[in-house]
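Here are my notes on the two-chain model you sent over. Have it open next to you while you read.

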Amino acid sequence: MKRVAIVGYAQHPILKNAGALNEVELIMPVVHQLFNDLGISQKDIDFTCSGSCDYLQGAAFAFVEGLSAIQTNPPIKESHVEMDAAWAMYESMLKIQMGDAETALIYGFGKSSPGDLDAIISLQMDPYYISPLWPDRVSLAALQARVLLDQNVITSEQMLASVIEARANSKNNKNALITDLIDESDYLKNAMVSSPLNQLDCPPISDGSSAMIIASEEKAYEFTDHPIWIEGIDHRIESSNLGSRNLATSKTLQASMDQLNLKNIKFDVAELHTQFSHELPFLKSLLNLQDVPTNLSGGPLVGNVMMCAGLDAIGKTYESLKNNQFTHGLAHATSGPCLQHNMLVHLEAQK
Amino acid sequence: MSAEDIPKDYSESPINLEYFYTAGSATTRFLNQVKEGNIVGQGCPKCKAVYVPPRGSCPRCGVATDIEVPLTDKGCIESFTVVHIPIPGNPIVPPYVCAMIRLDGANISFLHLIQDVDIENIRIGMRIQAVWKPKEEWTHSLENIKWFAPIDEPDVDVATLRFHES
């Protein structure tokens with residue numbers, strides 16, 4: 001395996017409603033900021049890969065328009081994933097491993113405000129048996145939350161703690177959308193959206209974009225003195241048939257942990273793509289992170305840009321390692337209902 | 001076998017999604033001008049290419065097109081096609097002509113109709129000008145222009161219109 005490092009990351013302030021700003025106008029500032037921070041241009045990038053979802057924009061091939069945000073003349077090598085941009089990073093990793101590129105720009109973008117997110121996310125389900133029933137994302141998450149509570153994998157106190165901590169941690173995140181603090185009585189006052197999840201257990205509707213640059217060992221030090229190395233990356237998916245999954249655990253996440261040999265690593269920090277309050281205690285216990293500071297950025301509960309929040313978990317872990325004397329960080333990205341598809345990224349600062 | 005016993009070999013699953021669409025801040029500036037009967041393109045601060053209608057960025061350079069460039073409603077036909085096939089819901093009766101219109105001073109063209117001329121006389125490079133709807137019908141749309149019609153000016157060699165980076 002070639003060593004690959006993250007050398008830069010930028011995030012647009014997360015907005016409740018970007019209003020007149022279109023996707024291109026959201027992407028351009030973060031890509032420019034990243035280039036300016038590193039003193040480079042598109043000419044220094046061998047491969048560009050984006051992550052977005054055309055259903056969010058409601059237009060076929062909308063991701064192609066996103067390319068107008070970056071310099072494409074002289075012609076560039078580029079690709080796109082109809083997924084969270086964390087998977088665009090994964091594709092970029094492969095591109096570098098194959099020897100087709102030494103450097104890659106990754107960007108993700110999404111506006112959830114223009115459409116009905118519940119209906120849109122419903123369309124990612126199996127199109128024959130589940131999508132026609134239009135299950136909304138909160139109800140699906142609630143299904144898993146109920147299983148976890150009933151089987152005593154997590155407690156409702158832990159869910160409350162996730163919500164309160166996320167808001168307290170938002171002070172570390174200049175781009176957070178939700179920053180107001182709450183206490184238990186505020187939490188209990190909120191009406192149920194889908195039992196056992198109330199409004200505060202769910203992530204806010206968010207608009208935004210993020211960008212990241214990764215580079216091979218040869219190139220990384222040309223860009224920065226402090227690259228953060230991608231020591232391991234693995235992603236696995238479970239069945240699209242909810243009835244055949246055990247929602248109280250995740251065999252695929254355990255397989256990823258084994259593959260990455262995480263058992264004996266003492267993590268200093270972790271950022272998990274946990275969109276609903278019950279997912280944080282569930283994953284912390286699955287990933288043995290009980291004593292590890294997790295989601296110091298506040299995580300998706302204080303800003304959840306669709307197709308970006310997974311890349312943001314990786315980006316926030318990168319920032320934590322870069323800005324502190326930390327050595328090991330774990331980032332997690334997810335896709336699909338009830339944590340169906342998960343990616344783990346082990347990041348390491350140079351000792 | 002009763003009707004209920006016959007196995008169904010398909011089912012319909014209609015999808016209807018509604019969006020609150022926004023054109024983008026740059027295109028909004030353009031459409032506000034179109035409502036007033038003005039065509040204002042946007043220029044790239046780096047390569048100086050002028051875009052109309054503007055989408056807010058120069059896809060060559062990847063930067064915002066923040067220079068407003070007022071344009072005339074005159075230009076030439078960069079390319080065209082004669083449409084013979086009726087499109088359901090389209091009120092225009094074939095045959096009619098769709099053309100790529102290159103306005104004077106712009107570096108890209110857009111699609112519009114050509115009328116007020118015999119189809120066999122339409123040619124690439126022909127000079128044309130917008131024929132506007134009555135002012136009281138103007139809205140935030142290039143449909144404020146009914147079509148483009150030929151004007152009595154010498155043809156343009158479209159090869160000379162190719163964009164050269166300055």
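1. Helices (H or I, at least four residues) and strands (E, at least two) are DSSP runs, numbered from the N terminus. Bear in mind that this is a predicted model, in which local features need pLDDT of at least 70, side-chain atom pairs count only at pLDDT 80 or more, and totals for chains, interfaces and linings use all residues. Residues are numbered from 1 along each chain as its sequence is written, while chains are lettered from A and ligands numbered from 1 in the order in which they are written.

2. Now the overall dimensions of chain B. Along the principal axes, the C-alpha atoms of chain B fill a box of roughly 75 × 40 × 35 Å. Of the 166 residues in chain B, 25% count as buried. Buried here is 20 or more other C-beta atoms within 10 Å of a residue's own, exposed is 12 or fewer, and partly exposed is in between, with C-beta atoms placed from the backbone.

3. Contacts in chain B: among those with a separation of 6 or more, 57% link residues 24 or more positions apart. A contact is a pair of residues whose C-beta atoms, placed from the backbone, lie within 7 Å.

4. Chain B is assigned two domains, domain 1 (16-71) and domain 2 (73-161), with bounds that come from an automatic or database domain assignment. The contact between them takes 13 residues from domain 1 of chain B and 16 residues from domain 2 of chain B. On the domain 1 side, at least two residues each come from α1 (25-35), β1 (39-43), β2 (50-51) and β5 (67-71) of chain B, and α1(B) has the largest share with three residues. By class, that side of domain 1 has 10 nonpolar, two polar and one charged residues. The classes are Ala, Val, Leu, Ile, Met, Phe, Trp, Tyr, Cys and Pro as nonpolar, Asp, Glu, Lys and Arg as charged, and the others, Gly among them, as polar. The C-alpha centres of the two domains of chain B lie 20 Å apart.

5. A hairpin worth a look: β7(B) and β8(B), with six residues between them, where B:Gly105 in the turn has a positive phi of about 90 degrees. Strand β7 (residues 96-103) of chain B runs antiparallel to β8(B), joined by five bridges; strands pair if DSSP finds at least two bridges between them. B:Ile101 sits opposite B:Phe110 in β8(B).

6. Is B:Glu120 buried or exposed? B:Glu120 is exposed because 7 other C-beta atoms lie within 10 Å. B:Glu120 belongs to the loop between β8 (110-114) and β9 (127-132) of chain B. Its C-alpha atom is 9.7 Å from that of B:Val82, 38 residues apart along the chain.

7. On to where the chains meet. Chain A gives 23 residues to the contact and chain B gives 19 residues. On the side of chain A that touches chain B, α1 (23-38) and α5 (117-122) of chain A are the elements with two or more residues. That side of chain A divides into 11 nonpolar, 10 polar and two charged residues.

8. Strand β7 (residues 207-216) of chain A has nine of its 10 residues buried. Antiparallel to β7(A) runs strand β1 (residues 4-11) of chain A, joined by seven bridges, with A:Ala10 partnering A:Ala211. Strand β4 (residues 103-111) of chain A also pairs with β7(A) in the antiparallel sense, over nine bridges, and there A:Gly108 stands opposite A:Ser210.

9. Helix α11 (residues 279-286) of chain A is mostly covered too, with six of its eight residues buried. Those buried residues pack against α6 (137-150), α7 (156-169) and β10 (328-335) of chain A. After α11(A) comes A:Asn288, with a positive phi near 55 degrees.

How values were computed
Two residues are in contact if their C-beta atoms, placed from the backbone, lie within 7 Å.
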